[in-house]
Amino acid sequence: MSASLQPTDVSSVLHHLLSGLASSDNSIRKAAEKSLNEEWSKLDRVQLLLLFLAEQAATGPSEQIRAFAAVLFRRIAIKSPSEQGFSVTSRQIAHIDEQIKSQIRSILVHGFSSQQSNNVRHKLSDAMAEVAKEDCTPPKGWPELIPLILQAVQNQDPSFRESAFRMITATPGFIASTNLNDVLPLFHAGFVDTNDDVRIAACTAFVSFFRDLPKGQWGALSGLLPNLLNSLPKFMESGRDEALAAVLEALMELVELAPKMFKPMFGQLIEFCSTVANNKDLETSARLAGMELLVSFSEESPNMCKREPSYVETMVIMTLSLMTEVCIDDDDAADWNNSDPSDEDSGEEEHLAARHALDRICLSLGDQFLVGPLFKYIPQMIQSSNWRERQAALMGLSAAAEGCREALIDQIPKILDLILPSIQDQHSRVQYACCNAIGQISTDLADRIQRTASDRVLPALISVLTPQSVPRVQSHAAAAMVNFAENASKEALEPYLDSLLTNLLSLLKGPKRYVQEQVVTTIAIIADAAKTKFIKYYDTLMPMLVDVLQTDMGEENRMLKAKSIECSTLIALAVGKEKFAPDSQTLIQLFGHIQQNLQGEDDPVKTYLEQGWARICVIIGHDFLPYLPLVLPSLITTGEATQSISVVEEDEYDDYTQNEEYDVVEVSGKHLAVHTAVLDEKAAAIDLITRYAGVLGASFFPYVTNIAENIIIPSLSFYLHDGVREAGALAMPVLLKSVVAATSQTSNEAVAIWTKFADVLFTTMEQEPVFSLLIPYYASFVECLDILGAGALFNNQTDKFASAVSTNVSEIFERIKARENGDDEYTEDIQEDYDDYTDEDMVDEITKGLTAAFKNRRSEFLPAFQRLVPIVASCLNDEQNSLRLFGLIAVADMIEYTGANAYELKDMFMNPVGESLTSPDASIRQAAAYCVGVAAQHGGPQFRDFCLATLMSMSQMVSVPDARASDNISATENMTAAISKICHSYGSSIQGFDELAASWFKLLPVVQDDEAAPYAYMFLAELIERQHPVVMSQIPKAVEDVIQALLHSSISGKTAETVVTSTKKLLGSIPQSEAVSILTMISGQSTETKMVIQKWFS
C-alpha cells in the first residue's frame, strides 16, 4: 500500500498542501488553508483530497503526519459540499465516486491493521466510522468492516480493542444487523477488560448500541447490565476518577432510554453512587456524575424511585451534605464577602449542583415523598452550631420550595418561624442563605405569602438593607425584595415604602457597584408594583436617576447606567403620564444622546435602552411618533438577523459548548453551532416592534409591509429558535390590526398582508416540531380572523387550515395513545413538559381556531371540514376526555354555524353525542348537552328527532342526587338550557310537553353558567307569556328563580330586561298585596337580594 493511487502531479501538490496545513509558521499555514478552501472545495477535487488523506493517515512518513491526516480526513469527509443544493447536514463523503470510496475503505483498513501508535489508531478508527456511516444500509456496504471490528475487540493490543469500541459508538447501526449472540460476548469482555480505557470505550459503545436497537431486542442486552455496573468500582479503586465520571455519564443516556432496566440492582446503584458523591477525595466530575445519575432516575422513572425505600432519604442526605461544601479554607467567609456576585459559586460546584439536584428531585417526585425526609433534617441543621449546616438547610429549603409548594403553602407561618431568625445570624453566609430562602418562597408560594405575611417578610428584609450588612447580603436582600414585590399588591407594600426606600437609597451611596445596580433594579420593581402609591417618592428618585444618566461614569459603570434607564422608565409607567410629563422631554433627550454614543453591540446599555424607549412609547402614546425614526431602524436591523449555523470541528467543540452565545446541536452525526445570542436579540426586537405597533396603531402602518416581509414572515422558518417563531406569530395580528386601522378590513393592503401571513402560518402549523408553539400559532390565527371579520378566510386558505388542524390533532391523538401505552418493562409513562403546556391546552387552542374558521365562513367551511371528519370521528369515540371534548366541540361549532347543512354528517356524530350525555365525566356531559342545544337552536326540523331522543338521557342525568354538586353543576345547567331550547324549537312535537315543562321548571335557578342561563330564562319568559300552568301555579318560585339569576349575574343586558318584564307581568297577574309579599319574603334573604329587587322591581 506504499505506492500512492494519485497521479504524481496531484500527489506532489497535496503533499505540499498537507505540509503547509501542518506548519507551525502562521503565514505558511494561512496560505495553505486559503488554498484548501479555494482550490479543493469542489466534489471532484474533494474526492482526490480524501483519497490522499486516507493514504497519509494510513502510511504517512511520521506519526505526526498520520494523526494530522486522519483528523483532516474526518473534517473534510463530514463537511457539507460547497455546491448548491446541499444542506448543512450533507456530508462530502456521501457524494464522492463509489470507486474512490472503495479505495479509501481498503486504505483505512490497511492502516488500522498495521503497526500504529494508540493515538493514530484511534484517529483512524474515527475516520473509518465516518465512512461507515454511509454504508450502514444495503445496497451500500463495507462487508470487511464487521469481521475487522469483531477481531479487533479480541486483539491482545488494547489500542485495537478500544478503537473497535470507538467505531461501535460512532456507528452502532453498522453492527446492529449482526447476530446478537456474536455481539454480546464483545461487550461482556469489554466490561471486564484489564485496561481502563477499553472498559470506558466498551461502556459508551454499549449505550450507543443499545440506543440504536429496536425495543424488542433490549431484553437480550439487559443481562449485560450487572457486568457493566460491576466495572464501576474498579475505576474508583484504581484512582481513575475521570474514567469513572465518563462511564457514569454514559449510563445517564441508558437511564433516559430504559430506566426500569436498572430495577434489579437499583438499591446497590444508589449505595455506590452515594458513596461516590460523598467522597471528598474524588474529583468533582466523578462526584457530581454519581449524583446526577441518581437524579436522572427521578425524572425518567419517578415511580421506581418512590418505591425504593432508600432513594429519597439518600438523596436528601446527599444533597444537603454537598450544600455544606462552601467557603472551603475561608471559614469567616472573608474572601466570599469581598467577591463579586458575578463570580458566585466559583469553586463551589458541588454546592450549586446539589441545589439544582434537590430542586429537580422535588419537582419529579412531589411533596408527598420529599417533605417528610427534608423536614427531618432541615430544622436540626438550622439550629446547628456549624454555620455551613445552617446555610445548607436554608439553601435546601429554597431548592425544595417549588416542587413542594402544595405542602408548604399551608405552612407559611411555621416556615417563617423557622427561617426568619436566621436573617440576624452572626455569619454573613447564613444571612445570605436566609435572603435566598425568602426570595425563593416569595416566588414559589406566591401570592399567598404576599397576602398573608407581608408584615413579617418585609421588615425582615428591610432590617438587612443597611450599611451594617456586608455587601453580598445587601445585594441578595434587595434581590429577594424583587421576588416578593413582583407578586405583592400596592396595599401590601405601602406601609413599608418609607423605610424600604430610605434604606435602599442609603445603599446607593455604598462602594460596591453590584449593590448599586441591584438596588436600582429593586426600586424599579417596587415602583412597578406600588403603581400610583409611588408618586410621593417620584420627586426624590427621578432627579437622582437623571443625574446618573447625564454623568459619564466610565465603562465600568455602564450596567449601572443601563439599570437606571430601566428604573426611570418603570417609575414613569407607575406614576403615569401626567406626573411624568415635566420630565419626559429631559429623559427622551438623554436617551437620544445615549443611543448616539453606544459602545458597540456588546454595550449592556443597548438592550435596556431599547426596552426604555418602548416604555416611554406606552406612556406618551402617539406623542412618541416623532421619535420612532430614531428608535425603529436599529430594531429592524436586529430583527432581520439570519440564522447563523457553523459546523463545529472537533478541536472547537469545547469552546462552543462553553460559550453562552451558542447552542451546539447534533444533526446527522455533525455538531452544529447555532448563534442563539443573535436569535435571542432577534426575538426581543420582534417583541418590541410588536409593542410599538400595538401602541401606535394606524400610525405604524407605513412600516408594516417592510417589517412583515423581511422580518415576521421569514421568522416562522427559524426552526433553530423557538422564541423567534413565537414572537413572529404573535406579531401578525398586531401588524394586521395596524393595517386595518389605517385602511379598512377589506382593503387591498389588509387582504395582501393577511394572505401572506396565512400562507406561512398554516404551513408552519403543519410542520411545527415543538408542539407547544401551536398555542401562539392558533391564537394568532383566531385574532387575525377577529380583526378582519366575516369572510376573511378564502377557499384555498380553508383547505390549508383544515389540513393543519388534521395534522396537529392526529399528532396529539397519537402522542396521547403512545403515552397511554408508554409504561412498559423499560420506561414509565411520564407527561412531557412542553413549557408548562399540556396536550389538553393545545387541543383547547386548536378548538378555538376551528370555531373561528366556522364562524368566519359558516357553511362554506364544510367542504374543507370534510378533511377533518376521520380524526373528529376518532376523537368522538375515544375514551380520553380531551380528545372527546375536541370532537364534541367541533360538532357543536359545525351545527351552530352551518345549521341544517350539518345534517349530512349525522352518521359521524349523533350516536357519540347521545352516548356522551351519560358520561361519568361532567365536562363531557356538558359539551354533549351544548351540542344538543345548538342542534335544537340552529339545526331546524332535520334535527328534531335527534333532539327529542336525547330528552330521556338528559332528564335522567339532571335528576340524580348530586346533579347540583360543584363538579356537576355546569353540566346540569347546560342540560337545563338544552332542554329549554328543545322545548322552544320542537315543543309542538313533544308528547307530554306539560310534564316535561314541569320537570324542567324544577331545575331552575340557573346561576353558575352565564352562557346557558339566558336560554333557560328566555324559555321561562316564554312560558310566562303563554301563562303556562306550571308557572302560574308556582309564581313565588318563578320570581325567586329570576331574582337569583339577577343576583348571580347569570343573566344581564337585554335578556335580563326581557325576563324581568315578563316576571313583572307575572306578578301583575296576582293581587298587589300577594306580589309585594313575595318580593318582601325574597328580599329578606340578604342585603344583596334586597338591592337586586330594588333595582329591577321597584
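Between which two helices is the loop that holds Thr838?

Analyst: Thr838 sits in the loop between helix H43 (795-820) and helix H44 (839-857); helices (H or I, at least four residues) and strands (E, at least two) are DSSP runs, numbered from the N terminus. The model is a predicted one, in which local features need pLDDT of at least 70 and side-chain atom pairs count only at pLDDT 80 or more, while totals for chains, interfaces and linings use all residues. Residues are numbered from 1 along each chain as its sequence is written, and side-chain values use heavy atoms, with hydrogens and water left out.

Thr838 counts as partly exposed because its relative accessibility is 27%. On this scale, buried means under 20% relative accessible area, exposed over 50%, and partly exposed in between (1.4 Å probe, protein chains only). A separation of 8.0 Å lies between the C-alpha atoms of Thr838 and Ser772, which are 66 residues apart along the chain.

Two other loops hold non-glycine residues with positive phi. Ser1049, with phi of about 60 degrees, lies between helix H55 (1035-1047) and helix H56 (1053-1068); its 49% relative accessibility is why it counts as partly exposed. Lys531 has phi of about 55 degrees and is placed in the loop between H31 and H32. With a relative accessible area of 39%, Lys531 is likewise partly exposed.

The bond from Leu1004 to Pro1005 is cis, with omega near 10 degrees, and Pro1005 belongs to the loop between helix H52 (993-1001) and helix H53 (1013-1025). The bond from Ala446 to Asp447 is cis as well, with omega near -10 degrees; Asp447 is in the loop between helix H26 (428-444) and H27.

Helix H30 (residues 497-507) has buried residues that include Leu500, Asn503 and Leu504. The buried residues of H30 pack against helix H27 (448-464), H28, helix H29 (490-493), helix H31 (513-530) and helix H32 (535-550). In helix H28 (residues 471-486) is Val482, which counts as buried because its relative accessibility is 11%. Beyond its neighbours within four places in sequence, Val482 is in contact (heavy atoms within 4.5 Å) with Gln518, Thr522 and Ile525. The C-alpha atoms of Val482 and Leu504 are 12 Å apart.

The UniProt annotation "domain: TOG", from an unreviewed entry, covers residues 364-604; UniProt positions follow the numbering used here, feature names are shortened, and annotations may be inferred rather than shown by experiment. Over residues 364-604 the chain is 75% helix and 0% strand.

The protein as a whole has 58 helices and three strands, and buried residues make up 55% of its 1098 residues. Its C-alpha atoms fill a box of roughly 120 × 75 × 65 Å along the principal axes. Of the contacts between residues at least 6 apart in sequence, 73% join residues at least 24 apart. The domain assignment, whose bounds come from an automatic or database source, includes domain 1 (8-84 + 91-96) and domain 4 (1004-1097); the C-alpha centres of domain 1 and domain 4 are 91 Å apart.
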